Amino acid sequence: MAGKPLRVLACGDVEGKLDMLFNRVQAVQKKSGEFDLLLCVGNFFGSTPEAEWEEYRTCAKKAPIPTYVLGANNPETVHYFPDVNGCELAENITYLGRKGIFSGTSGLQIAYLSGTESLSEPAPAYSFSSKDVSELKMSLFSTPKFKGVDILLTSPWPRGVGNFGNKPGEMDTKRCGSVLISNLATSLKPRYHFAALEKTHYERLPYRNHVVLQENAQHVSRFIALANVGNTSKKKYLYAFSILPMRSMDPAELVKQPQDVTENPYRKSGKEAHQPKMLSGAEEEPACQFFFDLSKQHGKKRPSDGKGGQHSQLKQPKKIHQPTGPCWFCLSSPEVEKHLVVSIGTHIAQPGTPYFYVELDTGEKLFHRIKKKFPLQFGREVLASEAILNVPGRADWQQCTASRDEAEATAKAFREDFQPFDFSELQ
């Protein structure tokens, strides 16, 4: 039987502003009820001595909620953390340690890694190395039937977290952050991953942890970066959420895929093949016309200059060449049967990019950029297969002839049924 969800607060860089943080926590609890714990990532202490901290260290003041913090990110604050394995710093304030797993009585699993990435071995007391990451992963992989962790706490961002998802404003996620943390997040599959240090707030769209149609569905991950406490820009530094430990959840409920789920940003990190190259001026890429040759079972790509090779000189915009034969699938063609068109969208891809797109009833979205040959009737063949509709005779559209009146009636009925799922109307 499922247990009771835990109510958790997560915070970005405190930087020694303990009174400001805890006053805010008390205000939140007064308005929304009690929370079970507070998790702090980034710099908990400031780089200069804080009289404020002494009041908490000597128990003159007390944190209003069990608070768990990460370790130092710079040499100036190392002295605040006397035990690398973790310890109580003050009443209700606990240093988790350099790396490890924190498991509460509820079954909630929190993986943590303190410090910033180091390029040398052994890493300084305020950093972590590839060895630390490997040891943390192995400690979890030894767990029977390991599926992932509920929460991952790190101070730096993972490198490339913005790939395939919404972008964090001015941040360049391909250059900032830690590659080792990207690797760690890929392996640990956290349901929530919190980080800080960049003094900004960013909630990435959830991403999947499995390869669609190749692996069983798994839970999604959510990355959330938090700003620094008391920042003048009023960026979000405190995040509240409820979470039921993974081990207490119904498996089917755990792996549900939200509508806005994206591909895993780390799986192809560093590859630019999926990112369109933006050119300007004399380097502008010539436009291409894409069309289908009905005498073949695949699509063709025709460069606008009529040549298939690479340009060795500066590329100049060229006039688009139109197909010489009938194009039954080009909307601009007089031969196209527009009464069969159900929906026209401009969203999913760059103009001029051919693609194949499917939405499954699980909520998963499959997107494939067509680069080379692609079967023209692939979608029909899949739907007509024995495993789905079991109408193999309808796999070839040319074998499904109907009068214009019948075709119009069928298209109208399909258009009405499809309307609630029409992405072109949801933009």
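**Close-up views of a predicted model**

The structure holds 14 salt bridges (a side-chain nitrogen of Lys or Arg within 4 Å of a carboxyl oxygen of Asp or Glu). This is a predicted model, in which local features need pLDDT of at least 70, side-chain atom pairs count only at pLDDT 80 or more, and totals for chains, interfaces and linings use all residues. Residues are numbered from 1 along each chain as its sequence is written, and side-chain values use heavy atoms, with hydrogens and water left out.

**View 1. The whole protein chain.** The protein chain has 7 helices and 19 strands. Helices (H or I, at least four residues) and strands (E, at least two) are DSSP runs, numbered from the N terminus. Of the 427 residues, 39% are buried. Buried means under 20% relative accessible area, exposed over 50%, and partly exposed in between (1.4 Å probe, protein chains only). Take contacts (heavy atoms within 4.5 Å) between residues at least 6 apart in sequence: 70% of them join residues at least 24 apart.

**View 2. The largest nonpolar core.** This core has 30 residues. A nonpolar core is a set of buried Ala, Val, Leu, Ile, Met, Phe, Trp, Tyr and Cys residues joined through side-chain atoms within 4.5 Å. Those with the most contacts inside the core include Cys-11, Leu-21, Trp-53 and Leu-238. Among the elements that give two or more residues are strand S1 (6–11), helix H1 (18–32) and strand S2 (37–40). H1 gives the largest share, 5 residues. Leu-21 touches Cys-11, Val-14, Leu-38, Cys-40, Val-229 and Leu-238, leaving aside residues up to four places away in sequence. Another core, of 23 residues, lies apart from the largest one. Cys-176, Ile-181, Leu-188 and Tyr-266 are among its residues.

View 3. The structure holds 0 disulfides (pairs of cysteine sulfur atoms within 2.5 Å). For Cys-40, the nearest cysteine sulfur is that of Cys-11, 4.8 Å away. Cys-40 counts as buried because its relative accessibility is 2%. Cys-176 is buried too, at 15%.

**View 4. Lys-199 and Glu-15.** Their side chains meet in a salt bridge (2.6 Å, N to O). Lys-199 lies in the loop between strand S11 (192–195) and strand S12 (202–203), and Glu-15 in the loop between S1 and H1, so the pair ties together parts 184 residues apart in sequence. Lys-199 is partly exposed, with a relative accessible area of 40%.

**View 5. A buried pair.** Arg-191 forms a salt bridge with Asp-150, with the closest N and O atoms 2.8 Å apart. Arg-191 sits in the loop between helix H4 (179–188) and S11, and Asp-150 in the loop between helix H3 (130–141) and strand S10 (151–154), so the pair ties together parts 41 residues apart in sequence. Both Arg-191 and Asp-150 are buried.

**View 6. Glu-203 and Lys-236.** These side chains meet in a salt bridge (3.9 Å, N to O). Glu-203 is in strand S12, and Lys-236 is in the loop between strand S14 (220–225) and strand S15 (238–243), 33 residues apart. Glu-203 is partly exposed at 34% relative accessibility, and Lys-236 is partly exposed at 36%.
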